Amino acid sequence: MPEGDTVWRAAQLLDGALSGKVLTRTDVRVPAYATWDLAGARVVETVSRGKHLLTRIDGERRWTLHTHLKMEGGWRVLRPGGRWPRPAHTARVILETADTVAVGFQLGIVELVAREEEDTIVGHLGPDLLGPGWDAAEAVRRLHEQPDRAIKEALLDQTRLAGVGNMYACELLFLAGVAPETPVRAVPDLLRMVERAHQLLDHNRHRAVQSTTGDLARGRNLWVYGRGGQPCRRCGTPIVEATLGDAGRARVTYSCPSCQPAS
Ligand SMILES: [Zn+2]
């Protein structure tokens with residue numbers, strides 16, 4: 001599951017490759033939009049909102065192409081005729097200009113909406129960790145609306161704050177010394193936690209390797225995520241790997257039982 005900074009990088013990639021250019025060919029390989037043809041339309045920009053990508057395209061009408069990477073998705077920018085890095089049958093959207101082809105592979109969501117309807121896509125989101133209007137106090141207020149919820153679940157709820165995925169949720173809880181099952185009301189300093197989330201994503205959005213430890217070397221860049229059974233970097237206790245969350249939305253969670261004692 002990509003984190004908000006990964007989605008922000010995808011938006012930067014598309015924005016740099018396509019903005020201001022006229023589309024020469026489009027191919028949306030999703031049944032509902034298979035007949036759509038935006039050739040001749042001009043790409044205005046691509047922005048991220050939480051984990052959602054919005055590509056604004058002006059043709060006879062002002063459209064927004066909404067895509068979401070979900071688990072395995074990714075956008076790649078290539079030269080026309082260039083070799084695709086993933087199998088062609090996994091392509092969901094192709095946007096071609098005179099000198100560039102952008103291909104969206106394995107996208108979890110693909111839809112075209114009128115620009116004025118963007119709010120129906122992203123209006124429900126909480127404050128965007130990498131958005132221009134980031135508001136830590138509002139994120140805290142929204143978290144407090146569900147005081148009995150486990151903090152790990154609450155951090156992943158994009159209507160509370162937008163941009164935290166499973167990796168950052170695990171890392172933030174370790175950094176705060178808070179057990180994942182702790183109810184929101186019992187977390188000592190939520191404001192500090194959401195401000196740290198903002199700092200981590202803000203730093204990492206410009207890096208190829210996401211780091212929460214400050215070390216960019218792979219294998220040393222994270223405290224607990226993906227490290228089940230390995231010694232805690234602080235205390236040496238084996239990191240615990242557990243599946244937490246509601247049925248259907250359960251995620252693997254990593255934590256140190258010593259550094260993050262259950263309250
Ligand atoms: Zn520890």
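In the predicted model, Val-224 is in contact, once neighbours within four places in sequence are left aside, with Cys-170, Glu-171, Phe-174, Ile-239, Tyr-254, Ser-255 and Cys-256. Together with Ala-197, Val-224 touches the most other members of the largest nonpolar core, which comprises 35 residues. To this core at least two residues each are supplied by α3, α4 (151-156), α5 (166-176) and α6. In soluble globular proteins, nonpolar side chains tend to be buried together.

The packing of two helix pairs was then examined. The axes of α5 and α6 come within 10 Å and cross at roughly 125°, an angle that makes α5 oblique to α6. The crossing of these two helices is right-handed, and the contact is formed by Tyr-168, Leu-172, Leu-175 and Ala-176 on the side of α5 and by Met-193, Arg-196, Ala-197 and Leu-200 on the side of α6. When divided by class, the residues of this contact are 7 nonpolar and 1 charged, with no polar residue.

Helix α6 (residues 190-204) also packs with helix α3 (residues 136-144), at an angle of about 125° and with the axes 9 Å apart; α3 and α6 are therefore oblique to each other. Their crossing is right-handed. In this contact Ala-136, Ala-139, Val-140 and Leu-143 of α3 meet Leu-190, Leu-191, Val-194, Glu-195 and His-198 of α6, and the residues involved divide into 7 nonpolar, 1 polar and 1 charged.

Conventions: Residues numbered from 1 in each chain as written. Predicted model: local features only at pLDDT ≥ 70, side-chain atom pairs only at ≥ 80, totals over all residues. Axes fitted to C-alpha atoms, helices over the stretch in contact; angles between N-to-C directions. Helix = DSSP H or I, 4+ residues; strand = E, 2+ residues; numbered from the N terminus. Parallel < 35°, antiparallel > 145°, perpendicular 65-115°, else oblique. Left-handed = near helix turned anticlockwise from the far one by under 90°. Contact = placed C-beta atoms within 7 Å. Nonpolar A, V, L, I, M, F, W, Y, C, P; charged D, E, K, R; others polar. Core = buried A, V, L, I, M, F, W, Y, C linked by C-beta atoms within 7 Å. Buried ≥ 20, exposed ≤ 12 C-beta atoms within 10 Å, placed from the backbone.
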